[in-house]
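Let's take a friendly walk through a protein interface and a helix pair. Keep the sequence and the 3D view open as you read.

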Amino acid sequence: MAPTPSLYMIRIKGHLGPAALSAFPSMDHEFTGSETVLTGLIEDRSAVFSLVAEVEALGLELLELRQVEPKPNEPRR
Amino acid sequence: MVERIDLLATLDQAGARKVMVIAAPPGSGKTSLLRAWSARSRGKRRIAFVSVDHDQRDPQQFWLSVLRAVFEALPSAVEVPVESATPEFDGQATIERILLELADQLEPVVLIVDDLHELHSEEALAQLEQLLSRLPSSTSAVLSARRDPRIRLHRLRLAGEVATIRASDLEFSEVETRELLRASGLNVSSALAASLHRRTEGWAAGLRLAAISLQGHPDPERFVAEFSGTDRAIGEYLIAEMLDRQPDDVRNMLLRTSLLGRVNGELADLMSGSTGCDRLLLELEDANAFVVSLDPQREWFRFHQLLADFLRLELRRSAPGEVQDLHRHAARWFEEHGAVVEAVRHAQGARDWSHAAELLADHLFSLTLDGQEATIAAVLQSFPAGTSADEPELAPAHAAVYLSQGLHQQAAAQLARAESHLDRIPADRRQGQAVAIASLRLALARRTGHFTEVIDQVNLLETSMTDEVELMASGRELGAVALMNLGIVETWLGRLADAEPHLAQGAALAVAIGRPYLEVACRSHLCFPSERVSCAAARERGIQALALAEGHGLGDRPIIAPALGALAGVTIWMGEFDEAERCLRRAWDFDEADIDPSAVVLLHTATGMLHAARGELESACDAFTAASKAQSSLDGVHVLATRFTGWLAAAQARLGMPEAALASLASLPPDLERTGDVWNARAAICLARNEPALALAALDAVLNGTAPDIPSFTLVEAHLLAAHAHLDLGDRVASAAAVEVALAVAEPDRLIFPFALTGASRVLATLPRHETAHGALLADIVDVIDGSARADADTRQRSPGDELTPTELRVLRFLPTNLTRSEIARDLYVSVNTVNTHVRNIYSKLGVGDRSAAVRRARELRLLSAGFAPPGPA
């Protein structure tokens with residue numbers, strides 16, 4: 001089965017600095033309140049878990065992880 | 001450091017439970033807590049502290065580190081040699097060894113496994129689970145990991161034997177925060193401490209980082225205010241703050257060594273292009289700044305994983321152009337210092353794929369001698385997909401991994417690829433590659449019983465072993481392995497005179513290059529009697545081989561199976577059946593799949609001999625049939641083939657199955673039909689059919705010496721069969737004369753077995769004691785035959801149920817179910833080997849040969865209730 005990348009959203013506590021953001025090169029980031037929201041296409045499920053492991057390894061606090069529907073007009077990267 | 005009294009007290013109570021689990025995110029202070037507790041434990045309990053290496057995939061490396069930690073912790077184990085890495089690692093045996101060491105302890109022992117989340121081996125995790133469920137009462141365990149460990153502890157949990165410390169338990173309280181700041185030499189207001197505590201939420205790493213930044217800070221209040229006011233993620237913020245406040249040389253060193261899994265002063269100097277790094281590393285550790293030493297001499301260090309991860313990101317961000325060069329420096333340094341795996345990993349980091357492949361190929365051989373196939377497999381996976389699959393240079397490494405997994409066909413395919421690529425390898429490396437490939441071929445051929453191919457490969461090796469190759473360290477290793485494999489194969493082909501010098505040279509070379517595993521392997525095959533080696537001498541060699549294995553901590557490895565089989569065989573020849581039985585029990589404790597197939601043939605044959613000597617003909621037939629089946633998986637013909645086939649036929653004939661007996665003989669290749677063993681078997685069949693004259697005719701070729709391959713024991717057997725035939729024909733004088741010759745031939749080696757095998761009591765009676773020149777031997781033979789008959793009668797009369805041990809009774813209860821032995825093993829939390837041993841004991845104590853008979857007999861003896869029948873027709 002060929003993997004179909006899906007769009008994911010990850011909410012992390014605190015604003016990530018440049019070093020931590022560089023650990024997620026394929027994700028867009030946005031600061032909302034005192035949180036960081038990372039959004040991007042993730043290749044498959046094992047890539048999702050690698051991402052979670054990265055969040056854990058950097059001592060970051062994962063608040064939410066979910067798959068989201070892409071907005072209709074947004075071009076797929 | 002802050003004394004975290006409550007947590008330490010919780011750990012003090014760890015001994016009350018079997019397992020304590022600490023599961024909390026990085027930086028929660030797990031390792032610091034465990035180190036503090038270990039230091040405090042002196043005099044109260046013994047601590048075996050294991051830190052799992054980063055990304056550990058190799059069960060052998062993991063278990064050896066556990067074994068080392070246990071031996072270091074226990075006073076009794078000082079003399080016990082700690083084994084080094086070897087091929088054919090047996091995790092199960094290591095667990096048994098650890099349990100044995102722990103079982104002798106009166107003082108409480110705690111096994112701490114820190115960073116368990118780094119262990120990525122299903123096999124090792126399953127074995128750890130088993131170890132935990134079988135810990136002796138004086139021992140408990142502490143497991144520390146970032147996540148709940150992937151070990152099923154539900155049995156222990158149900159029994160209330162598991163306690164857990166979680167992240168919230170590890171959080172610093174406000175009081176502890178103040179203490180920590182005070183202990184760091186910081187005199188700050190309690191309001192400031194409180195806001196620091198609030199902002200870090202008691203996270204240990206955050207507090208320690210903040211403390212480091214606050215030391216010597218011109219304006220602590222402002223630092224805390226800024227930190228409290230920011231929305232930045234605290235780990236990154238505080239690490240960046242700490243780095244900013246370090247002197248340039250420290251900052252430079254931290255960034256440029258962050259790619260290394262471990263670092264020492266010399267390597268740090270090289271990577272950072274400066275000097276004096278050894279001092280900086282020591283200072284950082286003393287300042288409790290996330291740098292810890294790995295050895296008591298404080299030469300090697302590693303960074304706290306959290307710090308290392310951020311440093312690496314920072315390096316890639318601030319100096320992306322340097323990363324590959326730094327990896328390249330590290331690869332060269334590790335290569336020069338003989339750390340091949342780290343060298344390959346850094347070459348991969350530098351994206352020098354072909355160099356990484358070359359390094360791996362050139363050092364493959366010594367890695368396999370250390371049994372590091374799991375590591376090789378992990379390294380192979382780190383090549384980019386195209387390289388890994390297509391790079392012919394890596395084919396030998398793939399072959400080694402397949403071979404270790406028992407995937408012989410895949411291994412052969414990779415070796416074929418490697419060979420076809422050989423002429424494209426540069427001349428200076430080609431020879432080394434050729435011998436590595438040949439040695440893998442050799443191992444493959446031996447494992448699959450392609451005896452003739454082994455000999456061809458060795459000849460090939462000899463021609464390709466130039467002086468240059470022999471001068472390389474790996475050249476000598478290859479030499480030892482080639483000699484070992486050649487000697488082993490010659491042994492199984494029965495060419496003992498050739499095998500002897502090869503194995504002896506192989507063993508001597510193994511000693512010279514410090515490879516005890518190879519030495520033990522050679523010596524284990526050097527204990528067979530031959531024309532030049534008497535039974536007594538062979539026996540002595542066997543005992544010495546076992547002692548050698550014990551001395552190197554290899555006494556529980558399947559590699560000693562040939563020595564056990566040889567010892568069993570020799571003691572059977574000499575009439576010491578109980579001793580033989582002990583050897584065989586020990587050998588059968590190994591998983592049959594882990595024993596060389598040729599040695600399996602030997603063990604089945606010896607087992608059959610033991611049964612035949614004790615008159616247990618059905619069991620003897622089973623064992624000889626098993627030997628024959630094991631032989632059929634070999635490509636070559638085993639030296640014992642004619643012997644076990646002949647004895648199988650003789651036993652079948654005596655059980656009244658002459659057709660089956662003839663069929664057994666017919667299964668032999670035509671060129672073996674005229675050997676002494678086969679003539680003896682034909683004679684035994686004739687005797688069973690009451691055709692004594694034909695029996696004598698069959699024996700003619702043996703007795704007049706025209707048949708090929710007539711060792712003395714075959715001759716003794718032939719004379720005894722002739723004695724039976726003469727007696728059947730009514731010629732007592734000829735019978736007595738034949739017995740007298742048999743005794744004369746048997747005397748030098750005390751060959752008692754043929755007398756027991758042929759049921760010689762009847763013919764011995766024809767020979768009055770005073771008429772023989774071998775009275776002492778005759779008396780011994782009569783004792784052995786009568787003794788074994790008496791012992792046999794004893795076991796039959798005794799009530800077997802009384803004899804079953806509680807454990808055997810537990811296993812017995814499973815026999816009416818349709819669970820397999822490995823399922824029983826899982827349910828009882830013991831190894832399959834242990835279940836096999838119990839089942840064998842149950843069968844022998846109940847006097848039965850299979851599971852359904854055991855259940856029937858056990859029901860008769862009321863050891864099992866009749867109602868416990870498996871579903872389905874009875």
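Predicted model: local features only at pLDDT ≥ 70, side-chain atom pairs only at ≥ 80, totals over all residues.

Residues are numbered from 1 along each chain as its sequence is written.

**The interface**

Chain A brings 18 residues to the contact and chain B brings 14 residues, where contact means heavy atoms within 4.5 Å. Together they bury about 1400 Å², with 56% of it on carbon and sulfur atoms; buried area is the accessible area (1.4 Å probe) that two parts lose on being put together, summed over both. A:Ala19, A:Glu56 and A:Leu58 supply 36% of the area that chain A buries against chain B, more than any other three residues.

A:Glu56 also forms a salt bridge with B:Arg147, their closest N and O atoms being 2.4 Å apart. The rule (a side-chain nitrogen of Lys or Arg within 4 Å of a carboxyl oxygen of Asp or Glu) finds two salt bridges across this interface.

Helices here are DSSP runs (H or I, at least four residues), numbered from the N terminus.

| Helix | Residues | Residues in the contact |
|---|---|---|
| α8(B) | 174-183 | B:Thr177, B:Leu180, B:Leu181 |
| α10(B) | 204-214 | B:Leu207, B:Arg208, B:Ala211, B:Leu214 |

By class, this contact has five nonpolar, one polar and one charged residues, with Ala, Val, Leu, Ile, Met, Phe, Trp, Tyr, Cys and Pro counted as nonpolar, Asp, Glu, Lys and Arg as charged, and the others, Gly among them, as polar.

Methods: Chains lettered and ligands numbered in written order. Heavy atoms only, no water. Axes fitted to C-alpha atoms, helices over the stretch in contact; angles between N-to-C directions. Helix = DSSP H or I, 4+ residues; strand = E, 2+ residues; numbered from the N terminus.
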